[in-house]
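Hi everyone, thanks for coming. Let me put a structure on the screen and walk you through a few of its side-chain contacts.

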Amino acid sequence: MTLSRPQGSVAYNNTGRVVLVSGGASGIGRSICEAFLRSGATVVCMDLDDRAISSEFKGIGFVRGDTSRDDDCRRAVEFTVEKHGGLDVLVNNAAIQPPASYVPLDQLPVEQWDRMLAVNLSGYTLLARQALKQMLRQQSGVIINLASGQAHRTARHVPAYGPIKAANLMQTRQWGVEYARQGIRVVSVSPGAIDTPLVRASLEAQGGAAQLANRHPIGRIGRPEEVAAAVLWLSGPDASFITATDLEVDGGLGAFGAFADPYPLPENEK
Ligand SMILES: NC(=O)c1ccc[n+]([C@@H]2O[C@H](COP(=O)([O-])OP(=O)(O)OC[C@H]3O[C@@H](n4cnc5c(N)ncnc54)[C@H](O)[C@@H]3O)[C@@H](O)[C@H]2O)c1
């Protein structure tokens, strides 16, 4: 799949802001790190994968850690605050959707459920919990949770990812309401299919469904930079009255709904 670069983008000025992004070594998280860096922010990436410290990732701080571990989350926030003096934006982005999880519920290995629950749900709570300690001291901050179109509507064979992503929407509402009077906003972003390693793995798991692009009314899947642009806007002053809600960044996929073409069945199920 060939995707051209975006034609243009609004210039945000995030000079002086400190941003922590989980899962920033790859895909959408990586684009979010790069976009914040370009806009002048100080960026720290927390990831299991240390490719973020390679030379092509210059200028971005890195903490190796697993978001499903409370100690690692505490370490990532403490590193960020001690080194950079505060924490203005947390992006809860690290999540997994292993190919082996694309099965009906009765065939779902319990380890897949446990790991997705630990990373995709507990990981967001654990990192936000640590970040909030600093944001409450500052009486300011923004938390952006990466949810998914699959948080809003079902697909076949996502018995873990779908329900767990739906819980990210409720984390957003709960925390948004809880901390609204303390200068802290919480917003989620629900992407449609975006060209990242996670989606490429899912396409392989579902029989290489090239038709996925056509299910998006815009006629293509999205680019990581297009999600990053939404995250930058939502975390900035122009979105100051937006909290405890979700923005779908999906090329119209969600609105297509029940009249969309049926999802192509794997060969062995036709
Ligand atoms: N790509 C899409 O089409 C799509 C669609 C909807 C939602 N999303 C959501 O967007 C976010 C990013 O997805 P992506 O496609 O860029 O994924 P990706 O697989 O390309 O990148 C995920 C990153 O998270 C890191 N990671 C995984 N588990 C971790 C852990 N426990 N601790 C720390 N880091 C960890 C990985 O090492 C990787 O760098 C996820 O929340 C995903 O659910 C993606």
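**Salt bridges and cysteines**

Let's start with arginine 69, which is partly exposed, with a relative accessible area of 48%. One thing to keep in mind as we go is that this is a predicted model.

What does arginine 69 pair with? Its side chain meets that of aspartate 72 in a salt bridge, at 3.9 Å from N to O. Aspartate 72 is buried, with a relative accessible area of 13%, whereas arginine 69 is partly exposed. There is a further partner here too: Arg69, Asp72 and Arg75 are linked in a network of salt bridges.

Now look at aspartate 71 and arginine 74. Their side chains also form a salt bridge, with 3.5 Å between N and O. Where do these two sit? Both are in helix α2, 3 residues apart, which is about one turn of the helix. As for accessibility, arginine 74 is partly exposed at 31%, and aspartate 71 is partly exposed at 46%.

How many salt bridges does a search of the whole structure find? The total is 11. Aspartate 66 forms a salt bridge with arginine 115, and their closest N and O atoms are 3.0 Å apart. Aspartate 66 belongs to the loop between β3 (60-64) and α2 (70-84), while arginine 115 is in helix α3 (residues 110-138), so this pair ties together parts that are 49 residues apart in sequence.

Is aspartate 66 buried or exposed? With a relative accessible area of 12%, aspartate 66 is buried, because anything under 20% counts that way.

Let's finish with the cysteines. A disulfide is a covalent bond between the sulfur atoms of two cysteines. How many disulfides does the structure hold? The count is 0. Take cysteine 45, which is in no disulfide: the nearest cysteine sulfur belongs to cysteine 33 and is 4.7 Å away.

Methods: Residues are numbered from 1 along each chain as its sequence is written. This is a predicted model: local features need pLDDT of at least 70, side-chain atom pairs count only at pLDDT 80 or more; totals for chains, interfaces and linings use all residues. Side-chain values use heavy atoms; hydrogens and water are left out. A disulfide is a pair of cysteine sulfur atoms within 2.5 Å. A salt bridge is a side-chain nitrogen of Lys or Arg within 4 Å of a carboxyl oxygen of Asp or Glu. Helices (H or I, at least four residues) and strands (E, at least two) are DSSP runs, numbered from the N terminus. Buried means under 20% relative accessible area, exposed over 50%, partly exposed in between (1.4 Å probe, protein chains only).
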